[in-house]
Amino acid sequence: MKLLRSLLLVTLLGLLLIQLVHCEEAVEDEDEEDDDGTVEEEDDTTEEPREKPHYKKPELKGSQFFVEPFDNKADSMKRWVPSQAKKGGVEEDLAKYDGKWSFEEPKESPLIGDLGLILTSRAKHHAISAHLNKPFVFRDKPLIAQYEVRFQNGMDCGGAYVKLLSQQQNLDLKAFHDKTPYTIMFGPDKCGLDHKLHFIFRHKNPKTGEVEEKHAKKPSGNLDSYFTDKKTHLFTLVVNPDNSFEFLIDNTVVNQGSLLEDVSPPVNPPKEIEDPNDKKPADWDEREKIPDPDASKPDDWDESEPEMIPDPDGVKPDGWLDDEPLLVPDPAADKPEDWDDDMDGEWEAPLVDNPKCKEAAGCGDWHPENIKNPNHKGKWSAPMIDNPSYKGIWKPQVIPNPNYFEDVQPFKMTPISAVGLELWSMSDGIVFDNFLITDDRLVAEQYAEQTWVLKNIEEKASSSSGGFWTTLKSAADDRPWLWAVYVVVLLMPIVLLSICLCPKSGPVKPEDIDAQRKKTDEPSPDDEEEKEDTTESSGDKKSVGPGGDNKGKTSKSDLNAAADEEDDGDDDDDEDADEEGESDEVKEENKSSSPKKSPRRRKARKE
């Protein structure tokens, strides 16, 4: 019972938690709608179907280096240049950037009339880019780059990351390819079960001039839902002048760190390195233990003794048939009709187990079992002792790193002059929208409020109209630990029913009930009936007077009157008569009763 109560309590708590999450999701949606001011107060009348809001061009003020809301298809087609180059190191048929792009409204768009840049072909190399309004130079203000991505058909394998192309003279966007220099690359990438969130920047060695990619540490959160929920997500990268960085998805930080400490390989090389020209001396002994050179093999050490020998005490079992083979030709086998002795050779019946060996202790040559040889010592080897010449594990000596440098401001990267998408994808229908590059956080927040926030509100409202289960799934996507709660809540009723209906001892049987009653002296139905009959019978017997007359039906007033008239002597006689009548009736009942039936009652005689 305690176990059942505990399971029931856990189930109730889980249901309560799910309800709280459901209410929280509803409150969040209401708060967002109230803050935006796009939802009117509800009436008591029947709710009408929700109408999607129309797209409005965002009005942006402040510092901006690149803004692309795709509000005008003609202007966007002029600004964005598809690549006509070929990818290096790939077969000729696959080298072309022949992937298709389209400027159109996505299917099931949350805002009516909202256009976007859509990748529309599968298993193709895609490349398209656009110049910034003005180059971004890393000085004393942060870099804030953000854009929206929506995987309309989910994502099987491919990327949706952005390259911020390095400033260079005569940058030809038609020749944009995978080797075109970039300063920063960031965004989502997936193939199979490997989900990535890239942040890569290219750092120039101040000594040698070589450029090396630096990869930020991986985020610790779960990224699955961003590729599968088919909703619009906002990806934002912030790189600050103090060398710190933040990566946000939907205005929530998912990764952060330092350009000096949280990238691989590190920006600054080590001050000291192992001498590449140092070599281990020829007499350097790294053996910690060596065989004792003074030890010698004992004279009585016999290396010829085998490890196993036949048991000298073994005795052949009685009934062992030495002359009987283990296998004999099958007497029931017949030679095939198409067997040709000249062509196939002499026919022989297949061998089967000798039936005589099954009844006997064994057949064939008998050999005793092998046992370990007590005289076996194996090959002799000298015992190991400490090596007096041991010098430890050799390592090359450490010298100052001739290529050492210290860049205390890796934030000051190569200026950016263009935005590019250079992708390969097995999924189509990838929507890109609302690109922004600025150095003002307030501008980025205002732009997101006028673009992504509106879409997010509408997408949540659409998903919430899908019902209770859709809301639960959406909540679990945001809080993965809720899946465990769902499993517990769904399994608990099954466990409770199985415990109640299928106990460990199996179904309840009548014999088990009788046995339990015998152990606990619990009265059975027959015992209760017998007890009732005995009680009624005893009541009748007490009312029987002398001669078997039934006084049980006499009223209380009659009894009182009779008691007043009778004297003490008469009372004694009546008591004796009652006792005599009771004894006679008990004998009568004992004769007529059986151990398996309730005793009969003697009918009362009429007065």
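Modeller: We can start with asparagine 243.

Biologist: Why does asparagine 243 count as buried?

Modeller: Its relative accessibility is 6%. Buried means under 20% relative accessible area, exposed over 50%, and partly exposed in between, with a 1.4 Å probe and protein chains only. At 6%, asparagine 243 therefore counts as buried. The model is predicted: local features need pLDDT of at least 70 and side-chain atom pairs pLDDT 80 or more, whereas totals for chains, interfaces and linings use all residues. Residues are numbered from 1 along each chain as its sequence is written, and side-chain values use heavy atoms, without hydrogens and water.

Biologist: Where is asparagine 243 found, and which residues does asparagine 243 touch?

Modeller: Asparagine 243 is in the loop between strand E12 (232-239) and E13. Helices (H or I, at least four residues) and strands (E, at least two) are DSSP runs, numbered from the N terminus. Not counting residues up to four places away in sequence, asparagine 243 touches Gly257, Ser258, Leu259, Leu260, Val408, Gln409, Pro410 and Phe411. Contact here means heavy atoms within 4.5 Å.

Biologist: What does the side chain of asparagine 243 reach at 3.2 Å?

Modeller: That is the backbone nitrogen of phenylalanine 411.

Biologist: What makes glutamate 246 and arginine 441 a salt bridge?

Modeller: Their side chains meet at 2.7 Å, N to O. A salt bridge is a side-chain nitrogen of Lys or Arg within 4 Å of a carboxyl oxygen of Asp or Glu, so this pair qualifies. Glutamate 246 is in strand E13 (residues 244-249) and arginine 441 in helix H7, so the pair ties together parts that are 195 residues apart in sequence. With 38% relative accessibility, arginine 441 counts as partly exposed.

Biologist: How many salt bridges are counted by this rule?

Modeller: The count comes to 20 salt bridges. One of them is between glutamate 324 and lysine 356, whose closest N and O atoms are 3.4 Å apart. That pair links distant parts of the chain, with glutamate 324 in the loop between E19 and E20 and lysine 356 in helix H6 (residues 355-359), 32 residues apart. Glutamate 324 has a relative accessible area of 22% and is therefore partly exposed; lysine 356 is also partly exposed, at 49%. Elsewhere, Lys87, Lys163, Asp178 and Glu422 are linked in a network of salt bridges.

Biologist: Back to helix H7: which of its residues are buried?

Modeller: In H7 (residues 441-450), Val443, Ala444, Tyr447 and Ala448 are buried.

Biologist: How do you know that they are on the same side of H7?

Modeller: They cover an arc of only 130° around the axis, which puts them on the same side of H7. The arc is that of the directions from the helix axis to the C-beta atoms. An α-helix has 3.6 residues a turn, so residues three or four places apart point the same way. At the start of H7, a side-chain oxygen of aspartate 440 comes to within 3.0 Å of the backbone nitrogen of leucine 442.

Biologist: Why is leucine 326 called exposed?

Modeller: Leucine 326 has 54% relative accessibility, so it counts as exposed. Leucine 326 lies in the loop between strand E19 (320-321) and strand E20 (327-329). Together with Leu327 and Leu351, Leu326 forms a nonpolar surface patch of about 310 Å² accessible area. Patches are made of residues with over 30% relative accessible area and no salt bridge: like charges are joined within 9 Å, nonpolar side chains (Val, Leu, Ile, Met, Phe, Trp, Tyr) within 5 Å. The areas come from the Shrake-Rupley method with a 1.4 Å probe; for residues, only the protein chains shown count as cover.

Biologist: And what share of the chain is buried?

Modeller: Buried residues make up 34% of the 607 residues. The chain has 14 helices and 27 strands. Among contacts between residues at least 6 apart in sequence, 76% join residues at least 24 apart.

Conventions
Polar contact = N/O pair within 3.5 Å; in protein donor to acceptor, adjacent residues only side chain to side chain.
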